[in-house]
Amino acid sequence: MYLNFLNFRKLAAIVLLLIVAGNVSGQEQRSARIDSLKSLLPGKSDSEKFDILYDLARALILDSRQREALSYATEAARIGWDQGDSLRIVKGIMLEASALRRLERLDEALRKSEQGLGIARRNGYAAENKILLNSIALIYTLRADYGKALEYNFETLIARERDGVKSEISIALNNIGLVYFKMKHYGKAIEFYTKALDIKREANDTYDLDRLLINLGLCYNQIGGAGAEEFHQAQKYISEALKICADNCSLSILIEAHFGLGVSNFLLGEFKEARRHFERSLEIARQDNDKRFQIENMVYLAQVAREENDLKASELSLRRAEALSSELGYDQLLLDTYKQFAVLYTRRDDFQNASLYQNKYIQLKDSVISEELVRNVANIQTDYEERENISIIAAKEQVIKQQSDLNFAIAIIAMLAGMLVLVLQRSNRTIKRVNAQLSEAKETIQAQNELLESKNKYLDKEVEAKTVDLERANQSLKQVNDELDNFIYKTSHDIRGPLASLKGMCNVALLDVKDPVALDYLRKLDTTAERLNTILTRLLIINQINNSKLSISQVDFESIVNDVLMLEKKKGLPQKLVIRKQIDERAMIRSDRELIRIVLENLIDNAIKFYNEAATVESFVEIYILPMDKGYVKMRVVDNGIGISEENPGKLFRMFFRASERSETGGIGLYIVKTATAKLGGRVGLQTTPEGYTEFYVIFPAYPPNLDEGAEKPSI
């Protein structure tokens with residue numbers, strides 16, 4: 001068995017090398033066709049240009065040049081709108097949506113697809129209607145909205161089954177299998193993939209056969225409790241897929257093939273070989289700008305690094321995957337990233353971060369795979385299977401009708417021929433046969449209904465069990481957070497008493513002691529005590545932010561900024577530092593004034609504290625508060641100080657992280673900013689301006705999204 005697996009691995013490696021070499025030839029052919037189509041455009045009228053633009057956009061999409069494809073598809077759609085040709089409009093929109101989806105612009109792709117679907121349905125364009133249904137289902141799959149994805153996939157499956165085109169039915173079955181794969185229902189995914197494969201082989205259809213085989217290989221990699229036999233099967237499917245596309249394998253096929261081989265080797269413990277395949281898949285994904293598979297490979301590379309005990313590399317890979325998943329809104333990939341973070345931090349005995357990511361995982365899983373989704377999936381599948389039952393009944397009824405007509409004709413002929421007795425006997429036999437068939441159909445339907453009922457009960461039990469587990473986890477996390485808040489609050493209060501006594505004794509000693517050395521020590525001790533007092537005060541502020549109720553009122557940013565600057569002047573500003581402000585009078589929101597003051601005070605104080613001391617630099621701090629769409633307000637604090645690295649901006653907002661030795665508050669200020677901003681439903685971030693200056697920005701909503709019970713409700 002192991003020897004066979006090694007042979008498969010060698011075979012797959014050889015095929016991949018041949019494909020990479022041959023892929024250049026395929027790309028040259030596609031490039032030549034694209035250049036040929038472009039040469040036809042000059043001098044053509046709009047009516048003549050449409051077909052050329054349509055073919056050109058399709059060729060560019062296949063060549064992974066999505067941005068160019070989008071521009072030509074948009075031009076084709078424009079011609080359709082100008083001419084009032086609804087079919088051309090739909091075709092142009094279809095290509096726009098396809099390019100946008102491949103550019104990861106899923107919201108725009110969804111809007112375009114729904115627009116095209118509406119036009120196709122109104123005008124009865126059946127072929128375009130099926131393609132757009134498939135496009136919408138795929139977008140919902142990428143967005144991890146699996147209930148919607150299955151709903152549209154089953155709708156297009158029903159339409160394709162009605163038309164009876166086997167190649168199209170296999171595509172719909174493959175897409176349904178993909179949704180179940182994303183939901184980690186691998187057995188169900190294999191069921192639909194296998195149906196699709198059987199239909200393709202029956203119809204001798206090779207379109208997208210390589211992708212279907214790779215999908216099956218990825219499924220066999222993920223079967224729970226899989227052993228060498230399953231990985232052997234996965235390798236077999238992937239190798240067969242690569243043989244089919246040969247030297248014309250697309251970049252996406254190569255990405256998925258390397259990824260599948262990486263998964264097989266990883267699960268077999270062949271980490272060096274797994275790393276080689278994942279890194280190759282990641283390289284091609286970057287070349288193809290396929291960000292989804294970039295994330296997939298980063299998550300697995302993190303697992304490989306963790307198994308090789310390179311925990312630092314593992315964390316770095318997960319950080320990159322987390323940032324890209326959050327940016328693109330890929331909830332399922334973000335869910336996998338959170339899970340691996342929790343495993344990594346548990347391995348490092350960093351239980352605080354492990355608990356943090358476990359909580360993130362639970363919360364996100366609630367939204368991605370919720371009880372409602374489980375019920376919806378069951379209902380959608382039940383509806384589809386009921387349609388099949390109805391079709392069986394309709395077919396039987398048709399048989400009965402045809403048989404009745406035949407019986408009537410036989411009776412007429414028998415009466416005319418004087419063979420009434422014989423006709424009656426034959427009719428009696430026919431009726432018995434039909435009744436037997438009906439009885440068999442009823443038994444089949446009853447068995448299917450019992451199976452569906454059993455499945456529904458099983459799903460209900462699973463949902464109930466998971467709900468109990470989640471409630472226990474949430475209760476445990478809440479208890480830990482409450483105990484931590486209580487500890488910070490009590491500890492801060494307990495320490496401030498002795499600290500005040502220490503400062504008092506220092507002040508008395510400074511009046512009585514005359515020795516210069518002793519005075520220097522006392523001043524340093526007093527300064528240190530004051531810093532500790534500041535840190536304790538800020539810890540209490542964090543506790544108050546977490547536990548206080550919001551007090552909502554109209555926020556006057558001008559007044560708050562003036563108060564903060566007045567406080568900074570009392571503390572003492574550097575002589576050469578220039579402070580400028582620009583506050584738009586339209587920047588008006590209803591929020592908690594004290595929390596907004598805390599945010600502004602910490603960011604402005606931070607910019608002043610880290611000003612550039614160089615004599616040749618004209619140091620400045622600029623404060624901008626400007627309105628945004630939908631009532632949002634954006635606050636920016638820009639300075640040309642010593643600067644902060646953006647390599648990992650998330651660290652800056654952690655408690656006790658110090659970006660510079662000048663920090664006197666133990667790295668709490670930016671954590672307070674993040675905590676207060678989150679309480680208000682806002683967002684804080686760091687970026688570098690085009691001039692190279694440091695900019696902290698905060699976006700405040702028009703009013704807090706979740707007001708505490710009893711707080712004043714904002715008028716809209």
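Tutor: Burial is read from relative accessible area: buried means under 20%, exposed over 50%, and partly exposed in between, with a 1.4 Å probe and protein chains only. Cys219 has a relative accessible area of 0%, so Cys219 is buried. Cys506, at 3% relative accessibility, also counts as buried.

Student: On what basis are such values given?

Tutor: This is a predicted model, in which local features need pLDDT of at least 70, side-chain atom pairs count only at pLDDT 80 or more, and totals for chains, interfaces and linings use all residues. Residues are numbered from 1 along each chain as its sequence is written, and side-chain values use heavy atoms, with hydrogens and water left out.

Student: How many residues does the protein have, and what percentage of them count as buried?

Tutor: The protein has 716 residues, of which 45% count as buried. Its secondary structure comprises 23 helices and 7 strands; helices (H or I, at least four residues) and strands (E, at least two) are DSSP runs, numbered from the N terminus.

Student: Why is the disulfide of Cys245 and Cys249 described as right-handed?

Tutor: The torsion about its S-S bond is about 65 degrees, so the disulfide between Cys245 and Cys249 is right-handed.

Student: How should I read the packing of two helices?

Tutor: Two packed helices are described by the angle between their axes and by the distance between the axes. Axes are lines fitted to C-alpha atoms, for helices over the stretch in contact, and angles run from 0 to 180 degrees between N-to-C directions. Here helix H4 (residues 86–102) packs against helix H5 (residues 106–123) at an angle of about 160 degrees, and their axes are 8 Å apart.

Student: Which residues make the contact of H4 with H5?

Tutor: Contact means heavy atoms within 4.5 Å. On the H4 side the residues include Ile89, Val90, Ile93 and Leu100, and on the H5 side they include Leu106, Ala109, Gly116 and Ile119. The residues of this contact divide into 9 nonpolar, 5 polar and 4 charged; Ala, Val, Leu, Ile, Met, Phe, Trp, Tyr, Cys and Pro count as nonpolar, Asp, Glu, Lys and Arg as charged, and the others, Gly among them, as polar.

Student: Where does Leu577 lie, and is Leu577 buried or exposed?

Tutor: Leu577 lies in the loop between helix H21 (557–571) and strand E2 (578–583), and its relative accessible area of 11% makes it buried. Leu577 and Glu613 are 36 residues apart in sequence and 9.3 Å apart in space, C-alpha to C-alpha.

Methods. Disulfide = S-S within 2.5 Å.
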